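Reader: I have a model open and want to go through it with you. Can we start with the overall picture and then move to single residues?

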There are 2 protein chains.
Amino acid sequence: VVGGLIFVKLGGSVITDKKKPFTERRRLIKSLAEEIYSSHRHSDFNLIIGHGGGSYPHTPAGRYQTHKGIVGDESTLGIALVQDAASRLNRIIVSYLLEAGEKAISVQPSSALVASNGRIVSWDLATIRLMLKLGLVPVTYGDVGLDQVKGCCILSTEEIFCYLARHLKPDRIIIGTDVDGVYEGDPKKDKDAKKIPIITPKNAVNLIHLLGGAGGLDVTGGMRTKVATLLDLVREVDVECEVLNIARRGVLEKALKGERGIGTIIRRE
Amino acid sequence: VVGGLIFVKLGGSVITDKKKPFTERRRLIKSLAEEIYSSHRHSDFNLIIGHGGGSYPHTPAGRYQTHKGIVGDESTLGIALVQDAASRLNRIIVSYLLEAGEKAISVQPSSALVASNGRIVSWDLATIRLMLKLGLVPVTYGDVGLDQVKGCCILSTEEIFCYLARHLKPDRIIIGTDVDGVYEGDPKKDKDAKKIPIITPKNAVNLIHLLGGAGGLDVTGGMRTKVATLLDLVREVDVECEVLNIARRGVLEKALKGERGIGTIIRRE
């Protein structure tokens with residue numbers, strides 16, 4: 001890969017144990033940081049990393065039902081606790097990226113943007129553009145959002161990537177999960193579930209109801225929501241997305257070095 | 001104090017040991033968080049907290065000369081390391097505020113604003129306004145800034161407060177340091193140095209050259225710079241500022257409960 005802009009998502013189900021509150025997987029995070037650096041160090045593409053929150057923010061977000069907005073006296077405390085949890089995980093991810101050699105720089109969504117009913121409506125990207133110009137690697141993440149309609153919301157990495165993609169026009173979006181791609185059914189429960197090689201808006205109509213959910217607690221929605229969000233995106237922006245299993249050693253590095261089709265590709269045509 | 005908006009700075013020389021890299025003063029931070037909560041819990045003023053970086057970001061900022069901008073190959077790495085250090089200290093401060101009972105929420109300057117030659121020129125405050133409306137307590141801090149002219153800069157809490165003050169019109173700004181106010185000379189070196197009760201643009205012309213520096217490493221400038229910045233501010237915005245010693249137990253709580261003149265007041269007239 002020479003030049004261009006790539007978005008990489010490190011899924012919450014990969015970097016944390018979604019079933020244990022506040023439990024990150026340090027060895028896996030360290031090796032992902034090294035794979036990113038190894039593929040990036042001799043290339044000149046720009047990179048934006050986004051990571052899920054997994055069992056960090058999802059723990060208070062579930063308790064305070066943050067995705068529903070301000071629903072009671074405790075909701076405001078919930079905003080503060082979700083932000084703290086998401087940001088603590090972000091510090092861990094950034095520290096491993098720095099250690100690996102990446103010039104990683106946090107981008108905290110909850111302090112920079114405004115949402116409206118869960119969708120990002122206002123975010124000045126001049127700061128991120130300056131970061132990219134300097135060769136920094138912005139590291140954003142699933143977070144609580146301040147919402148002008150319902151007070152607060154949960155912003156998934158996909159929602160954040162979609163907003164960024166509309167304005168920054170990346171060449172590729174890599175969505176790293178702990179499954180080998182998008183399946184008809186749930187590959188964790190059904191051994192015979194079939195992996196779908198390519199999803200386009202055209203074949204999606206026959207597929208979307210077959211998609212299974214992701215395991216564990218996830219207030220940002222399972223695989224079906226992710227695919228639907230990415231399909232909406234490719235209809236609007238001509239970008240190639242790929243969902244793949246970055247929990248397998250070397251997969252992220254191969255994908256970043258240019259290999260296509262390891263997982264499931266989602267694109268316009 | 002009923003209603004209104006107060007900015008409080010927790011100085012870097014108070015919350016860290018400026019002479020020891022990456023050394024925070026946890027007991028003092030805990031007690032300041034409790035003083036803030038104790039004065040705030042039964043009042044209805046809004047609060048914005050800003051804290052200095054002290055020996056956290058100032059360590060890499062000094063090494064990479066971040067305040068000078070992009071000056072060499074290593075400068076970009078410096079930006080990433082300064083942000084990481086500032087943000088790690090911010091997590092500590094926020095966690096003590098949350099523990100004390102405040103609904104504290106981080107506001108990360110480096111990911112939200114754009115500077116130009118060290119001055120903030122673009123920062124959408126819609127997010128902070130939503131936070132205040134919900135009764136959250138934004139906690140911002142001295143940080144690295146992305147700079148459209150020189151690449152990067154150091155943003156002091158005072159620079160941040162000035163920008164926020166122009167747009168949010170606070171009633172008071174409390175600048176917490178480890179000296180009892182602003183002195184003619186340096187009270188840490190000279191026992192006979194006199195404390196100045198009130199500084200206005202009018203009497204400042206005779207005073208400013210007499211002001212001593214703060215101890216330890218400080219890439220954001222000493223007391224003289226702080227006073228000059230606050231004087232510029234009060235000329236523009238009619239706000240009462242007070243520099244006081246929050247390292248003394250109970251001083252911040254008294255000031256937040258409405259007491260005036262414990263330290264040095266800086267105001268328009």
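This is a predicted model: local features need pLDDT of at least 70, side-chain atom pairs count only at pLDDT 80 or more; totals for chains, interfaces and linings use all residues.

Reader: Fine. How many helices and strands in chain A?

Author: Chain A has nine helices and 14 strands.

Reader: What share of the residues is buried?

Author: In chain A, 61% of the 269 residues are buried. The chain exposes about 10,400 Å², and carbon and sulfur atoms supply 48% of that area.

Reader: And the contacts, how much comes from residues 24 or more positions apart?

Author: Counting contacts in chain A with a separation of 6 or more, 74% are between residues 24 or more positions apart.

Reader: Charges. How far apart are the mean positions of the positive and negative ones?

Author: They are 2 Å apart, for 37 positive and 31 negative charges in chain A.

Reader: Now the sheet in chain A. What is the strand order?

Author: Eight strands make an open sheet in chain A, in the order 3-6-2-1-9-13-14-12, with mixed pairing. Strand 3 (104–106) and strand 12 (198–199) are the edge strands of chain A, each pairing on one side only.

Reader: What holds strands of a sheet together in general?

Author: Strands pair through backbone hydrogen bonds, in a parallel or antiparallel way.

Reader: Take strand 1 of chain A. Buried or exposed?

Author: All six of its six residues, 5–10, are buried, so strand 1 of chain A is largely enclosed by the rest of the structure.

Reader: Which way do the side chains of strand 1 of chain A point?

Author: Leu5(A), Phe7(A) and Lys9(A) point one way, Ile6(A), Val8(A) and Leu10(A) point the other way, and all are buried. In a regular strand, side chains alternate between the two faces of the sheet.

Reader: Which strands does strand 1 of chain A pair with?

Author: One partner is strand 2 (residues 46–51) of chain A, parallel, over six bridges. Val8(A) stands opposite Ile49(A) in that pairing. Another is strand 9 (residues 172–177) of chain A, also parallel, over five bridges, where Lys9(A) stands opposite Ile175(A).

Reader: What about strand 2 and strand 6 of chain A?

Author: Strand 2 of chain A and strand 6 (residues 137–141) of chain A run parallel and are joined by three bridges. His51(A) stands opposite Tyr141(A) in strand 6.

Reader: And chain B, what order does its sheet have?

Author: In chain B eight strands form an open sheet, with mixed pairing, in the order 3-6-2-1-9-13-14-12. Strand 3 (104–106) and strand 12 (198–199) are the edge strands of chain B. Strand 2 (residues 46–51) and strand 6 (residues 137–141) of chain B run parallel, joined by three bridges, and Ile49(B) stands opposite Val139(B) in strand 6 of chain B.

Reader: Backbone next. What is phi at Gln65(A)?

Author: Phi of Gln65(A) is near 50 degrees, a positive value in a residue other than glycine. Gln65(A) sits in the loop between helix 3 (58–64) and helix 4 (75–100) of chain A and, at 27% relative accessibility, counts as partly exposed.

Reader: Last one, Val94(A). Buried or exposed?

Author: Val94(A) is buried, with a relative accessible area of 0%, and lies in helix 4 of chain A.

Reader: Which residues is Val94(A) in contact with?

Author: Apart from neighbours within four places in sequence, Val94(A) is in contact with Ala104(A), Ser106(A), Val139(A) and Asp84(B).

How values were computed. Residues are numbered from 1 along each chain as its sequence is written. Chains are lettered from A and ligands numbered from 1 in the order in which they are written. Side-chain values use heavy atoms; hydrogens and water are left out. Helices (H or I, at least four residues) and strands (E, at least two) are DSSP runs, numbered from the N terminus. Buried means under 20% relative accessible area, exposed over 50%, partly exposed in between (1.4 Å probe, protein chains only). Contact means heavy atoms within 4.5 Å. Accessible areas come from the Shrake-Rupley method with a 1.4 Å probe; for residues, only the protein chains shown count as cover. Lys and Arg count as positive and Asp and Glu as negative; His and the chain ends are not counted. The place of a charge is taken as NZ of Lys, CZ of Arg, CG of Asp or CD of Glu. Two strands pair if DSSP finds at least two bridges between them.
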